[in-house]
Amino acid sequence: MAPNEQARQHHDELFPGHTSTLAVTDPELIEYFDNFAFDEVLRYGTLDTRTRLMVQLAALIAVQGLSEYRVMLGAALTVGVTPVEVKEIVYQAVPYVGMGKVFDFLHATNDILTARGVALPLDGQSTTTPETRMEQGLAVQRTIVGAEVVDAMYAAAPADTAHIQRYLSGNCFGDHYTRGGLDLRTRELLTFAMLIAMGGCEPQAKGHVAANRNVGNDRAALLSVATQLLPFIGYPRTLNAIRLIDEVVPASDKE
């Protein structure tokens, strides 16, 4: 009883020389999970291997899958995801998942990078200053979300919550989206992955379906993300994600 040949090949590419202890203790589960996650699911979609691993890492942070994150981080580094990209995935999670949940993943990432001989801290990727973060953040927010949408959010905000809109522009977008290391299209895929993985964020996830479209990620890319996350986040959240994609970028939409 073992995973099929294609699943074994894909597994070996990600985890060379690794023998799973679960293959010994839970061989039936590992057989059909590996056949599904490392063969059947991989036949679908447009994501390259590096991007697939990056969105999976983002989703694992969102679902708090620390042990699986450690395993998949090793795989990501093996297939060429760079230390800077890995750190940017973790940093990108802070405004969406919250530091309370990201904290352990940051330490795990540092431990794994250090064990692989990567010197920390890495080269800085910030492109803003305390004086420019608001202006630059608002500019990139208008690019991603849409100028009319952002202006409407500001106009509709009551006086006692207007500070949240400023935080979104200056912190979420100004401190994070303006950083180097990842382009906007990749950052939006990561954000979408985190929001659908967390669940309960459907309004925000729907907004980021539209934002992904605005930066050039089409329906096929978003369906690819949802599909590649399925083995790690389950069917309910994947189906919710597909419903949101259908609402914003329906199958009949000729992008």
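View 1. Buried means under 20% relative accessible area, exposed over 50%, and partly exposed in between (1.4 Å probe, protein chains only). The model is a prediction, so local features need pLDDT of at least 70 and side-chain atom pairs count only at pLDDT 80 or more, while totals for chains, interfaces and linings use all residues. Residues are numbered from 1 along each chain as its sequence is written, and side-chain values use heavy atoms, leaving out hydrogens and water.

Five aromatic pairs are counted. Rings of Phe, Tyr and Trp (its six-membered ring) pair if their centres lie within 6.5 Å; planes under 30 degrees apart are stacked, over 60 edge-to-face, the rest tilted. Tyr 69 pairs edge-to-face with Phe 105, at 5.1 Å centre to centre and 85° between the planes. Tyr 69 sits in helix α5 (residues 66–78) and Phe 105 in helix α7 (residues 99–115), so the pair ties together parts 36 residues apart in sequence. Helices are DSSP runs (H or I, at least four residues), numbered from the N terminus. Phe 105 is buried, at 1%.

**View 2. The rings of Phe 173 and Tyr 177.** Their centres are 4.7 Å apart and their planes at 25°, so the pair is stacked. Both residues lie in helix α10, four residues apart, about one turn of the helix. Phe 173 is buried at 3%; Tyr 177 is buried at 2%.

**View 3. Ser 169 in helix α10 (residues 162–177)**. Ser 169 is buried, at 0%. Beyond its neighbours within four places in sequence, its contacts (heavy atoms within 4.5 Å) include Arg 133, Met 134 and Tyr 154.

Notes
Helices (H or I, at least four residues) and strands (E, at least two) are DSSP runs, numbered from the N terminus.
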